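Please look over the structure first.

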Amino acid sequence: MKKWIPIASGLLAGFIAATINFADFSAKTNTEAALSNKTDAEKVYVPFGQKDDYYLFASGGHSGQMFIYGVPSMRKIRTIPVFSQDSATGYGFDEHSKKLMGGYTWGDLHHPAFSETKGDYDGKWMFATDVGNSRAAVVDLETFTTKDIINVPNTAGPHCAAFVTENTEYMFLPTRFAVPVGQKYESLDNYSQNYRGVMSAVTFDEKNVKLNIAYQVALPPWSYDLSDAGKKGSADWAVMTTYNTEEATTTMEVNASQADRDYIVLFNWKELEKMVKDGKYEDVDGQKMIYPEKQKGGIYLVPVAKSPHGVDVTPDGKYFIASGKLAPSMTVFSFEKSFKAVENKDFAGERNGIPIINYKSVMEREVNPENALGPLHTQFDDKGMAYTTMFISSEIVKWDPKTGKTLDRVPVQYSPGHSVSAEGDTVSPDGKWLIALNKIAKDSYLSVGPSHPESMQLIDISGKMKVIQSAPVDPEPHYAQMIKADKIKTINVYPKDEKNKDAVYKQNDTKIVRKGNEVHVYGIAMRSRFIFDAKAKRPDVIEVNEGDHVFIHLTNIDFDEDITHGFAINSYDLNIEVQPGQTNTIEFTADKAGTFPLYCTNFCSALHQEMNGYFLVKPKN
Ligand code: CUK
Ligand code: CUA
């Protein structure tokens, strides 16, 4: 226990020390790079015509997007806009995505999570949450597009999420910042009484592609940091770390690190589900809210070294491992012992009405690799070995959760947050690659000024750990998941949807319909022209009156892979795309009179440059 204290009080010193260390590491890694032999190069070389073995889905942090890379080449393949506008794809401009974004322009995407079947990634859906504006999203992996976004009420930054249960029954969204229920005004003097750290249980309706909030839990007003769902024998349970159990309301850096202990919240979601079924909740603004101080039996606290960050469940579902952040240790806890402690009411009092499990009864071991500082997150290989990122000492430490023995370590450049291993969050990780998601890329790439990109370093973990490739990445890879490429089944073109009233597939069906001051254009995009009204003198011209409310429904009738068309109106700040076979709608008010060229933004044929027309807005008088 004593070991935790000196590091905790010296966090700042630790960060400074880490900065000083950069220089030595740099020299060492450069020499290593110079010596890197052909075998390493061959390992990451994916010749033209061949494809990568894995997809990497990396969080885009405050870019609000998700980045897709191929592994092992580390080539970037795609950006999927999720919470932020993206003019490259027209995301946030067309009606569907504009509605999804709910009036927000940006997001802070932290933890991507694949849908799972029996604890294995099934390659169908990808979930993510937005810490910036408290939302949750689902991405369809047939098209790599965002399909639904919901706002999560009573929550201020669902940072912990998203981690899904074994069969995607739920993802749990605990809050990073405690707020009063309903986010109503409340003096911070009443923080402990009136603020709450609400966790939401979100379900996914696959048939209707809708995210829903099943219920919420009004946890104590603490910060919830990371979570993970149980597996196999612990599948009904989930864990999450807390900090600021001090309930500090200012100068958090100091005040939220006072107590020696914080907690891991251990909860049984089957029990919570039952409470909801039995009506053991309160209706709060239409949400089913469970108050743990009133409804006992589903939620427990496990003491842990102060201010833990990550908590990760081992692939066999037997242990959960908390990382110290301020303490140089990883603590391994036993699920089985926890269940026993719950059964025997082996408690050491309670906090806010929630029983505290006896630390000694459930703690399996505290692991302190020599001079390893700032453990944050842990991943696993096919043999159940753990790989923990050390933020302050800038390295990955491989160790055995069953013995606590350090097996290997490798320096990374620098300050890794998460790392991700191939199929790393499943019940059967592949044991092939580990990617360090580094916060600092200093000395890694050509300079682009005072601010650098982040870096992702590919580590071969098949033998002794070795960094063999590195790729720059935009802010900010908080987390990523890596899936076997053959699990993802994309579609080539959007199928015809005869039921879609906005879609037009034949040139002669194109038309412009006026109803009062509303104008509906049913148009077609094809190589290499727009047709808005085939019967008109100029089929590629839209003419409206100033003040008209305009809807342009556009269908791409090139049912041909990769023939995407864009649609932009010059000086009107509008841009959407239609992928092969897709119909998209853009809605706006023609509030500027004048002559505005419209054109295809996506290079689609030799005559792409000719794919244009005019948007004419007749002035009012
Ligand atoms: S957090 Cu960024 S390093 Cu959002 Cu998963 Cu730990
Ligand atoms: Cu269509 Cu360029």
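## The largest cavity

A113, F114, E116, F163, V164, D228, A229, G230, K231, D425 and Q481 line the largest cavity. A cavity is a set of points on a 1 Å grid over the protein atoms alone, where a 1.4 Å probe fits but cannot get out; a pocket is an open set with protein on both sides within 12 Å along at least five of seven lines; lining residues have an atom within 4 Å of a point. Two elements, β4 (113–117) and β12 (223–229), each give two or more residues to this lining. The largest share, 3 residues, comes from β4. Strands (E, at least two residues) and helices (H or I, at least four) are DSSP runs, numbered from the N terminus.

The largest cavity holds about 80 Å³ of space. Volume here is the space filled by probe spheres set on the points, with grid points joined across faces, edges and corners. By class, the lining has 5 nonpolar, 2 polar and 4 charged residues. Ala, Val, Leu, Ile, Met, Phe, Trp, Tyr, Cys and Pro count as nonpolar; Asp, Glu, Lys and Arg count as charged; the others, Gly among them, count as polar.

## Basis of the model

The model is predicted: local features need pLDDT of at least 70, side-chain atom pairs count only at pLDDT 80 or more, and totals for chains, interfaces and linings use all residues. Residues are numbered from 1 along each chain as its sequence is written, chains are lettered from A and ligands numbered from 1 in the order in which they are written, and side-chain values use heavy atoms, with hydrogens and water left out.

## The second largest cavity

How many cavities of 30 Å³ or more are there? The count comes to 5. β12 and β13 (237–243) each contribute two or more residues. β12 gives the largest share, 3 residues. The lining of this second largest cavity divides into 6 nonpolar, 1 polar and 1 charged.

## The largest pocket

The largest pocket contains about 1400 Å³ of space. It is lined by 42 residues, and the closest to its centre are T143, T145, Y494, Q579 and Q582. By class, the lining has 14 nonpolar, 18 polar and 10 charged residues.

Which elements supply at least two residues each to this lining? They are β3 (75–81), α4 (95–101), β7 (145–151) and β40 (583–589). β3 provides the largest share, 5 residues. Domain 1 (58–180 + 209–213) and domain 2 (507–618) each give at least three residues to the lining of the largest pocket. The domain bounds come from an automatic or database domain assignment.

## Around ligand 1

Ligand 1 is surrounded by H110, H111, H159, L226, H309, H377, G417, H418, K439 and H478. A residue is near a molecule or strand if one of its heavy atoms lies within 4 Å of it. The shell has 1 nonpolar, 8 polar and 1 charged residues.

## A five-stranded sheet

An open sheet of 5 strands runs in the order β36-β42-β41-β38-β39, with mixed pairing. Two strands pair if DSSP finds at least two bridges between them. β36 (541–545) and β39 (574–578) are the edge strands, each pairing on one side only. Neighbouring strands of this sheet are turned by 15° against each other on average, direction ignored. The axes are lines fitted to C-alpha atoms, for helices over the stretch in contact, and angles run from 0 to 180 degrees between N-to-C directions.

Strand β38 (residues 565–569) and β39 run antiparallel, joined by 5 bridges. Here F567 stands opposite I576 in β39.
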